[in-house]
Amino acid sequence: MNEPRIMIQEKMLSILLALDGVKYCAYCPELDLATEMDTPEEAIEDMLEAVKDYAEEYIEDIELYSKSPNRAHHLPYIKAISSCKTDWELRMFIEIK
């Protein structure tokens, strides 16, 4: 009989969360994206949206981005983000620090 196994996904992206005065800043160093919101939860949610939007934009103009000296190395992250079918799957790729 096969026993159920818990699979642990290796984290690919990180979100660094910091209090900047009265606002919360979320920064994704792998993609060089930043956002600032009133609460930590809002900052994380906004960053998740920014990551999805950036991945979509990258894929739409992949010729430009994949040849750009400061964006070409993002391609493995973009492929992983694009493979996510749900927000839950995307969250499994991200470690919040």
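This is a predicted model: local features need pLDDT of at least 70, side-chain atom pairs count only at pLDDT 80 or more; totals for chains, interfaces and linings use all residues.
Let's start with Lys52, which is partly exposed, with a relative accessible area of 27%. In a salt bridge, Lys52 pairs with Asp87 at 2.7 Å, N to O.

Stepping back, the chain has four helices and four strands. Going along the sequence, they come in the order β-β-β-α-α-α-α-β. Of its 97 residues, 30% count as buried.

How many salt bridges does the whole structure hold? A search turns up five. Here are some of them, with their N to O distances:

| Salt bridge | Distance (N to O) |
|---|---|
| Lys23 and Asp38 | 2.7 Å |
| Lys52 and Asp87 | 2.7 Å |
| Glu63 and Lys67 | 2.8 Å |

Take Lys23 and Asp38, whose side chains meet in a salt bridge. Lys23 sits in strand S2 (residues 23–28) while Asp38 is in the loop between strand S3 (33–37) and H1, so the pair ties together parts that are 15 residues apart in sequence. Lys23 counts as partly exposed at 30% relative accessibility, and so does Asp38 at 48%.

Glu63 and Lys67 make a local pairing inside helix H2 (residues 62–67): they are four residues apart, so about one helical turn separates them. Both of these residues are exposed.

Where do they gather? On the surface, Asp53, Glu56, Glu57, Glu60 and Asp61 come together in a patch of negative charge. One of them, Asp53, lies in helix H1 (residues 40–60). With 47% relative accessibility, Asp53 counts as partly exposed.

Last, the cysteines. A disulfide is a covalent bond between the sulfur atoms of two cysteines. How many disulfides does the structure hold? Are Cys28 and Cys84 buried or exposed? Cys28 is buried because its relative accessible area is 1%, under the 20% cut-off. Cys84 counts as buried as well, at 16% relative accessibility.

Conventions:
Residues are numbered from 1 along each chain as its sequence is written. Side-chain values use heavy atoms; hydrogens and water are left out. Patches are made of residues with over 30% relative accessible area and no salt bridge: like charges are joined within 9 Å, nonpolar side chains (Val, Leu, Ile, Met, Phe, Trp, Tyr) within 5 Å. Accessible areas come from the Shrake-Rupley method with a 1.4 Å probe; for residues, only the protein chains shown count as cover. A salt bridge is a side-chain nitrogen of Lys or Arg within 4 Å of a carboxyl oxygen of Asp or Glu. Lys and Arg count as positive and Asp and Glu as negative; His and the chain ends are not counted. The place of a charge is taken as NZ of Lys, CZ of Arg, CG of Asp or CD of Glu. Helices (H or I, at least four residues) and strands (E, at least two) are DSSP runs, numbered from the N terminus. Buried means under 20% relative accessible area, exposed over 50%, partly exposed in between (1.4 Å probe, protein chains only).
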